[in-house]
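Here is a short briefing to read alongside the model.

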Amino acid sequence: MGQYRDAWKRSIESPNEFWGEAAAGVSWYHEPTVVLDDSQAPLYRWFSDGVMNTCYNALDRHVEAGRGTQRALIYDSPVTGVKRAYSYDELLDEVSRFAGVLTSLGVKRGDRVVIYMPMIPQALMAMLACARIGAVHSVVFGGFAAHELAMRIDDAAPKIVVSASCGIEVNRVIEYKPLLDAALAEATHQPDGCVIVQRPEAIATMQPGRDHDWDELIAAASPEPCVPLAATDPLYVLYTSGTTGRPKGVVRDNGGHAVALTWSMPNIYDTAAGEVFWAASDVGWVVGHSYIVYAPLLAGATTLLYEGKPVGTPDAGAYWRVIAEWGVKTLFTAPTGFRAVKREDPEGKLIKQYDLSKFRYLFLAGERLDPETYTWASDRLKVPVIDHWWQTETGWPVAANLMGLEAMAVKPGSPTVPVPGFDVQIFSESGERVGPDNEGLILIKLPLPPGCMVGVWGDDQKFADTYLRHTPGYYLTGDGGHYDQDGYLFVMGRVDDVINVAGHRLSTGEIEEIIASHPDVAECAVIGVADTLKGQVPRGLAVLKNGVDRDHDTIAAELVQKVRDQLGAVASLRQVDIVGALPKTRSGKVLRKSMRAIADGVDMPVPSTIDNPATLDALRAVLRPEG
Ligand code: COA
Ligand code: AMP
């Protein structure tokens, strides 16, 4: 572990030196003289007097360096049959003209722009155009329903919303525009206008005066140059589920983000300019922000935007087809995608039909890589299969096997070691630091390295309250795990009410709020239960109000539909059971952990604090009728 160990040690002991050197990977209008700014500790900032522009670093500087004809973006859409490559010259032209569109609509530095789009090139262009003029983008995942979009619109208060007429889920056209209209009808805040990409699969009805056609505006637009920005200016807000019903807007700045992502490409992903990098995620998630849009372009690589699924578009050979066709070197996706492929093609027969000679690495994140999926992928692909752990809040990997810095032996089930910059430590519930092989809470000693969240949008206190208050001097990750004797980290799962469904992060509290708002429901609980494909799926339990005598199946179906309508199909809530009572402690706290253990068939002693032990037996019959 020599090279890795040296780099990690230096990053922790001499952060100014380490990140000062890394900052040279970015072009600055004014180079920072301050690297780590601890003047407001525990709220640390990086490169606080630096001046730069993220879009300049992602596009213009590659063109200026003479690489304008190199591919910047490949769009591969099996759901529409469209394939198209954009050179850096072409992408720069599109982005600077869309920046001109935004400016002509009155968007200025610091204004927010909400982007609610499917996986089409315009989504990425809109993000980069915001970065170009210093507007703060907030991308909302397309699988979220109108209510979720409305909440984010109210919180971010955008000047403009950018959307599209529809998305395509395998072979179903999902109209986005009616969802946007419904969200705006619900939201208190109203943007000045909406820019809509009209896709041929569904033409949206436009509201005169408010809605504008992307193509018409861009045809008339003049290109806008990059605006020099403070490194500490916000680049984007990305909402993520926490333990409460309301998502939090994670704020990321420009300078630290560009430095961290630029450093990550050669060191973690072993990817250089000109190579093809494919993050098969969605621009609505942090993986999409960091590794579809920003990092590959900052590194001058070619990024691949895939509008399809691992299976069904058209078959379980989709990954291999795309890798072979475009010469992908590195694929980054979630283990759930691989479980879907394995289910349809257990022997991996389709792999053999494609030329994967350029393929070097498979990186997986978003949920724990279960050893079975690891073994399946590694045996069949014969390339390193790398589990790495991170969160929306951190923006880039906290733990990984750093393929460019020093490749280490893989231990299935472990994302390997902390990435330089992250001082990851394990603490017991009672606040003591614990040694190897002891399970505990995973904390990160402050300061977090560049690229991590710098605050919660619109709520200065919330970042400190949610993440920094638990153990002073440390960031609380919300995950539990341990180190082994060799210093490998194992991340075993969330210790709070956040669940991970097909790599998508959801809050059980948010689903509970929706179920509890049904007029017949007295109280409810939502737990994440193990699922062989999606890792976890939510399951609901509801207690009805006294006197409700409607059919239980009808009510349960209404509850499932309500969650789908308000949160979105992505919640994947398929089952709500109507029960007589929920198990609770004497102080009235619902015993979700005990319910989860029953559903997953895990032995767990009945908590001594339980008030109504008989409810657990009744729940056993509901959650595990097969025994
Ligand atoms: N717009 C509209 N609806 C969407 C959507 C979008 N962008 N994304 C998902 N949905 C819908 C799906 O159509 C599905 O609807 P349904 O219940 O009517 O079938 C529902 O939300 C659940 O979607 P998903 O969780 O993706 O399940 P799936 O069964 O469609 O596919 C996988 C399962 C494993 C194939 C898929 O989740 C996958 O490709 N995951 C791997 C990569 C990934 O996205 N990782 C995320 C973070 S790295
Ligand atoms: P998100 O913010 O959507 O990226 O989700 C972050 C959460 O996903 C983390 O807090 C973990 O619970 C989980 N997660 C992501 N990657 C991994 C991984 N490699 N191993 C274990 N859990 C992971």
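Ala, Val, Leu, Ile, Met, Phe, Trp, Tyr, Cys and Pro count here as nonpolar, Asp, Glu, Lys and Arg as charged, and the others, Gly among them, as polar. By those classes, the shell around ligand 2 has 4 nonpolar, 5 polar and 6 charged residues. This is a predicted model, in which local features need pLDDT of at least 70, side-chain atom pairs count only at pLDDT 80 or more, and totals for chains, interfaces and linings use all residues. Residues are numbered from 1 along each chain as its sequence is written, and ligands are numbered from 1 in the order in which they are written.

**Ligand 2**
- Of the 15 residues around ligand 2 (a heavy atom within 4 Å), Asp387, His388, Thr392, Asp479 and Arg505 come nearest.
- A backbone N or O atom of His388 sits 2.7 Å from a nitrogen atom of the ligand.
- The side chain of Thr392 places an N or O atom 2.5 Å from an oxygen atom of ligand 2, and a polar side-chain atom of Arg505 is 2.6 Å from an oxygen atom of ligand 2.
- The protein buries 94% of the 490 Å² that ligand 2 exposes when taken alone (Shrake-Rupley method, 1.4 Å probe).

**Domains**
- The protein is divided into domain 1 (2–308 + 388–481) and domain 2 (502–623), with bounds from an automatic or database domain assignment.
- Their contact (heavy atoms within 4.5 Å) takes 20 residues from domain 1 and 14 residues from domain 2.
- Taken over C-alpha atoms, the domain centres are 33 Å apart.

Conventions:
Side-chain values use heavy atoms; hydrogens and water are left out. A polar contact is a pair of N or O atoms within 3.5 Å; within protein, one must be able to donate a hydrogen and the other to accept it, and residues adjacent in sequence count only if both atoms are side-chain atoms.
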